[in-house]
Amino acid sequence: MHRILVVDDSAAIRKAIRRIVEPLGFAVEEAADGRQALTYCAEWGKADVVLLDIDMPVMDGLAFLRELRSLPGIPQPAVIMCTAHNGLPCIEEALALGANEYIMKPFDTEIISSKFQQLGLM
Amino acid sequence: MTSAEDYRFLADMLARHSGIFLGDGKEYLLESRLMPIAEQFDLPDLPALVQRLRQGAGAVLVQATVEAMTTQETLFFRDATPFKALREMILPALVPSRRTQGRRLRIWSAACSTGQEPYSVAMLLATLAPPLGPAEAEIVATDYSPKALARAREGLYSQFEVQRGLPAHLLVRFFTQTPGGFRIAEPLRRWVSYQEHNLLQSASALGQFDVILCRNVLIYFDRPVKRSVFECLTQALAPDGYLLLGAAETPYGVTESLVRAPDPCACPGVYVRNGGRARPAVATVAAMASPQRVAASR
């Protein structure tokens, strides 16, 4: 079973994602900001895929991504951005920083499963 | 639980915005598709979502609701298999032979609906190494619906549509952003030539094709109609050409003019003329640029 780390400061969004991905067979962990997510990845390293918001307190998603991709010696999860930022330059920047895919909010079940399929997670 | 009144309201809204009729008894569909939307907008349940919509919700919520209810039949790169077959088996076989013959490869997206399939083909060709362009390949796309064709020609897609099946790196590379959505890049838009065509009629006016994609449309026809469509498609197929069907479609039991292609890359749904000259290649040549498969190894 793939383990997914959902990183979003909104509990409602985390719940919405959980509702979609649990029936797809994913085990869900949650983090409310980039710092918590980084601790999870660095100390536990168990996530196969991270679903990542951008605008968050403490550490935003892009800062998390930059740090994650420069962490040596940890298994690197796939990262799917999941954000209200819907401009092509922002997508380009996230991909350049090492994101594997990009979801623009609002999302639905089809969009999330389509991205998982593209990444070979389903 | 969705009340009958809420169900009717949502069905009416869907019909008004998309022309799609939901029919009765799809409550389970609404629940599974709309709860994630409700939660994203901080609404506790479906009645609350319907109430917000009744009160005149913003365009974003209305569109999210309609899109989530729509069964998506026109994804970019719908099903990985035909595109894998094209990339790894069909194009490596056909491209060198057409080059030798000094003529362009001809590809037909039959029943192209709103254009996602032909544009996916164009993106695939453009990301081969080395890329193929209009000088090497012609892409013809047809549909019976003038309305669908008008949308296809416009090449303008909503934020939802460009996220279904289309990898983000291709969105960035091949689309521009406009206030109305995401528009396919002009060179790709001009590459695809759209024509109105009914699959039940002869395709002889369109000429002969090296590759025909006719996917997920034959399932709607009965056997005699299927048979005549298969005959038309076979006549339009070059002796060494390939026909790509949807996963649930087969000519077996309907016509003997088509057989499954010899299958070096294990792609089902690929057919050739019975007694034809198709010789599929074993995958070597063209790999699509960064498909980014990152399935976790653990």
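Two strands count as paired if DSSP finds at least two bridges between them. In this predicted model, five strands of chain A meet that criterion and form an open sheet in the order β2-β1-β3-β4-β5, with parallel pairing. The edges are β2 (27-31) and β5 (101-104) of chain A, each of which pairs on one side only. On average, neighbouring strands of this sheet are turned by 20 degrees against each other, direction ignored.

Within the chain A sheet, strand β1 (residues 3-7) runs parallel to β2(A) and is joined to it by five bridges. V6(A), for example, has E30(A) in β2(A) as its bridge partner. Helix α1 (residues 11-21) of chain A packs on this sheet and touches β1, β2 and β3 (49-52) of chain A. The direction of helix α1 makes about 160 degrees with that of β1(A).

Chain B can be followed from its own strand β1, residues 105-110. Six of the six residues of β1(B) are buried, so the strand is largely enclosed by the rest of the structure. L105(B), I107(B) and S109(B) point one way from the strand, while R106(B), W108(B) and A110(B) point the other way.

Which strands does β1(B) pair with? One is β2 (residues 137-143) of chain B, which runs parallel to β1(B) and is joined to it by six bridges; here S109(B) stands opposite A141(B). Another is β7 (residues 209-214) of chain B, also parallel, with three bridges to β1(B); here W108(B) stands opposite I212(B). Together with helix α6 (residues 116-126) of chain B, β1(B) and β2(B) make a right-handed β-α-β unit.

Key:
Residues are numbered from 1 along each chain as its sequence is written. Chains are lettered from A and ligands numbered from 1 in the order in which they are written. This is a predicted model: local features need pLDDT of at least 70, side-chain atom pairs count only at pLDDT 80 or more; totals for chains, interfaces and linings use all residues. A residue is buried if 20 or more other C-beta atoms lie within 10 Å of its own, exposed if 12 or fewer, and partly exposed in between; C-beta atoms are placed from the backbone. Helices (H or I, at least four residues) and strands (E, at least two) are DSSP runs, numbered from the N terminus. A crossover is right-handed if, with the strands pointing away from the viewer, the path from the first strand over the helix to the second runs clockwise. Axes are lines fitted to C-alpha atoms, for helices over the stretch in contact, and angles run from 0 to 180 degrees between N-to-C directions. Two residues are in contact if their C-beta atoms, placed from the backbone, lie within 7 Å.
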